[in-house]
Amino acid sequence: MASITLNHIVKKYGDGFPAVNDVSLDIADGEFVILVGPSGCGKSTLLRMIVGLEDITSGDLEIGGKRVNDLAPRHRDLAMVFQNYALYPHLTVYENIAFPLRLTKGQYTDTEIDSRVRNASTLLELDEHLERKPANLSGGQRQRVAMGRAIVRQAQAFLFDEPLSNLDAKLRGQMRTEIARLQRRLATTTVYVTHDQTEAMTLGDRVAVLRRGVLQQVASPRALYDQPVNLFVAGFIGSPPMNFLPGRVEGTDLVLPFVRVPLDARLRAAIGDRELVIVGIRPDAFEDADVVAQDKRGSGVTFDADVDVTEWLGSELYAYVPFETDPAVQQQLEELDRELDGEGMRTQLVVALDSLSTIRDGDAATLWFDPASVHVFDPESQDSLTRDDEKAAAIDAEAAQARQRATARAKERAAREDAKAS
Amino acid sequence: MALTGRQKMWWAVITVLVLVYALFPVFSILATSFKLPGDLTSGRFLPTTWTWENYTQILGPDGSARDLFLPALRNSIGISLIATLIAVVLATVAAYAIARLDFPGKRLVLTTALGVSIFPVISIVTPLFNIWRSIGLYDTWAGLIIPYLSLTLPISMWTLAAFFRQIPWELEQAAQVDGATPMQAFRKAIVPLAAPGVFTTALIAFFIAWNDFVYGISLTSTSAARPVPAALAFFTGESYFEDPTGAISAAAVVVTIPVIVLVLLFQRQIVAGLTQGAVKG
């Protein structure tokens, strides 16, 4: 097990385009780090540079404190799970898992190999499939074989390249928790690439958001959600995504398409002397004004909106409210939407309401939100103006502590189970 | 999908029809090869008396067609094997490049290969005859191997390139991450997957060379290089008035045997589907 350090890593292809540009990232021993971003942001390239399948144009890559830029993949002692699993079709499940051990030539005896393979297969519940060929396995089973091949070697670190993207939704959820459980138990340094933000938010100790090869923010999932550094991170993290509205300062009010928000001290400090800002409000910051408790109601603002479409999902209700955006920020928001793999469709407000809400398609609804939950972004630099660094650091520290406790508990439990088994 | 009784019946009828259509000539030749000369015109499918006479005629120690057949058999085996070997080695290298690398002129190579293979053999054979005679390749093994390559190489390249494209090359990288050297990765992860394709291609190439008649009869004059299909045309009966049909049938059966043996031997390798399951199925 080892830490991984990326120091100003750059990857340029033949045409000089930097697929990965000046990425620096410290991954601590035993940490679970997610690389996330829309397609083409360079996250897979970065992972492949770590494992050694892509050359590093410039910068230093250290594993366990040793510079490994020029080492071949086999000398880096990393285990990788590929998106397509990359199982060896001519070998049985057993031999697939044993493959990395057999390559070490004489380092392991046959009995050692056997016990390790069987350990891995028990951990992944593959015992009854050991003699089958990959072609006869289901997607989830193949996925587990690929993980078995990764863990059997007890490598310095695990690298996952979108391992769940070929599975259907239900299986993906199951495998996600399985990977989390496995990583807690083995406490192996893990780098995990995904474009699925549910995976990013649930699995990672820390999440690194990439945009066009540039690292935007590295933080715990909670800090990313609460304290994004810029418009891109705010728009990428969260589902449904954060609403971006043009905000114009008029006197003591911030004028949004639906409502005038009185400027409080926090917003005034954030906006400064700007006249136009981009305002971000999470869908779940809104409430149906009818169901907001009276004492809470006073602290927020209410406004009327014509609901176009509603989506009832059982646990919550999404309401969509179309609006005309300000031409001054329209182009920027459209560009952002495209970058986030969107289609640049109509501008609309997405509101997540309680599932008991009676609002239906075409209703005129009265909605409520608390200005304290509002993010404000500079329309030029796209940086967040309301980000609270201290608060973000506190959230990160709390997440790190929670993680330590979880790892310790997982180790204790594993030790208990081992003691019981033997 | 479960078939209804009616569908099953139709499948059975179609299967029988196809089998009869494909195998009737084979059985006919087999039956003829066991007939006595006098039996040939009897109009019956099976011989009245079964005899090995035709086989002793072509293979036996003092068979009349022995000197014609045995050297031809040796030529056929040697020439076809060498042509196949060269074709497969060259085609493997070419197809690997076509499937995995991007280089200028890639499409040109493929279309040229296709163009060569659609040329009618008979249109090339006359000029070849003249050239071969003047440069001394006429009636030699090399004189047949070279034109056979022009038949076998294009098809080998096309089938192998198509096959190589399907191989999940990611496996090579996976093996390297698992601790293999580039050579080990190729040998342990890719070769086992490529082998069935190479075998299949080799068989196809071998059959093309083995079955050729036009080159065989045009570019040879003696038993120094004449292959079996050509040699059959030189069989004669006991007398001028007697057809050598029996001996020809026996020879045809003998040259069919290696083909059958090869197919049976490599049946397992030919069966595709080995690559399934490596990537998402």
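What follows is a dialogue on reading a predicted model, from its overall make-up to single residues.

Reader: What secondary structure does chain A hold, and what box do its C-alpha atoms fill?

Author: Chain A has 13 helices and 21 strands. Taken along the principal axes, its C-alpha atoms fill a box of roughly 80 × 50 × 35 Å.

Reader: How many residues does chain A have, and what share of them counts as buried?

Author: Buried means under 20% relative accessible area. Chain A has 422 residues, and 53% of them count as buried. Its accessible surface comes to about 19200 Å², and carbon and sulfur atoms account for 46% of that.

Reader: What share of the contacts in chain A comes from residues 24 or more positions apart?

Author: Taking contacts with a separation of 6 or more, 71% are between residues 24 or more positions apart.

Reader: Which residues does A:L317 touch?

Author: Leaving out residues up to four places away in sequence, A:L317 touches A:T310, A:E311 and A:W312, among others. Its contacts also include A:V351, A:A352, A:L353, A:I359 and A:R360. As for distance, A:L317 and A:L101 are 216 residues apart in sequence, and their C-alpha atoms are 52 Å apart in space.

Reader: And which residues does A:F232 touch?

Author: With the same exclusion of residues up to four places away, the contacts of A:F232 include A:P38, A:V209, A:L210 and A:R211. Also among them are A:L336, A:E339 and A:L340. A:F232 and A:A200 are 32 residues apart along the chain, with 16 Å between their C-alpha atoms.

Reader: How many positive and negative charges does chain A have, and how far apart are their mean positions?

Author: There are 48 positive and 65 negative charges in chain A, and their mean positions are 8 Å apart.

Reader: How many salt bridges does the structure hold?

Author: The general idea is that side chains of opposite charge can pair when their charged atoms come close. Over all chains, the structure holds 20 salt bridges.

Reader: What does A:R260 pair with?

Author: A:R260 forms a salt bridge with A:E250, and the closest N and O atoms are 3.5 Å apart. This pair links distant parts of the chain: A:R260 is in strand β13 (residues 260-262) and A:E250 in strand β11 (residues 243-250), 10 residues apart. A:R260 is partly exposed at 43% relative accessible area, and A:E250 is partly exposed at 39%.

Reader: Which parts of chain A does the salt bridge of A:R274 and A:D378 tie together?

Author: The two side chains meet at 2.5 Å, N to O. A:R274 lies in the loop between α10 (265-271) and β14 (276-281), and A:D378 in the loop between β21 (375-377) and α13, so the pair ties together parts that are 104 residues apart in sequence. A:R274 counts as partly exposed at 28% relative accessibility, whereas A:D378 counts as buried at 10%.

Reader: Which residues form the positive surface patch?

Author: The patch is formed by A:R405, A:R409, A:R413, A:R416 and A:K420. One of these, A:R405, is found in helix α13, residues 389-421. A:R405 counts as partly exposed, at 49% relative accessibility.

Reader: And which residues make the nonpolar surface patch in chain B?

Author: That patch covers about 1100 Å², and its members include B:V16, B:L19, B:F24, B:F27, B:F45 and B:W50. B:W50 is found in the loop between α1 (5-33) and α2 (53-59) of chain B. B:W50 counts as exposed because its relative accessible area is 58%, over the 50% cut-off.

Note on methods. Residues numbered from 1 in each chain as written. Chains lettered and ligands numbered in written order. Predicted model: local features only at pLDDT ≥ 70, side-chain atom pairs only at ≥ 80, totals over all residues. Heavy atoms only, no water. Helix = DSSP H or I, 4+ residues; strand = E, 2+ residues; numbered from the N terminus. Buried < 20%, exposed > 50% of the residue type's maximum accessible area, 1.4 Å probe, protein only. Contact = heavy atoms within 4.5 Å. Areas by Shrake-Rupley, 256 points an atom, 1.4 Å probe, with all protein chains shown as cover. Lys, Arg positive; Asp, Glu negative; His and termini not counted. Charge placed at Lys NZ, Arg CZ, Asp CG, Glu CD. Patch = residues over 30% accessible without salt bridge, like charges linked within 9 Å, V, L, I, M, F, W, Y side chains within 5 Å. Salt bridge = Lys/Arg side-chain N within 4 Å of Asp/Glu carboxyl O.
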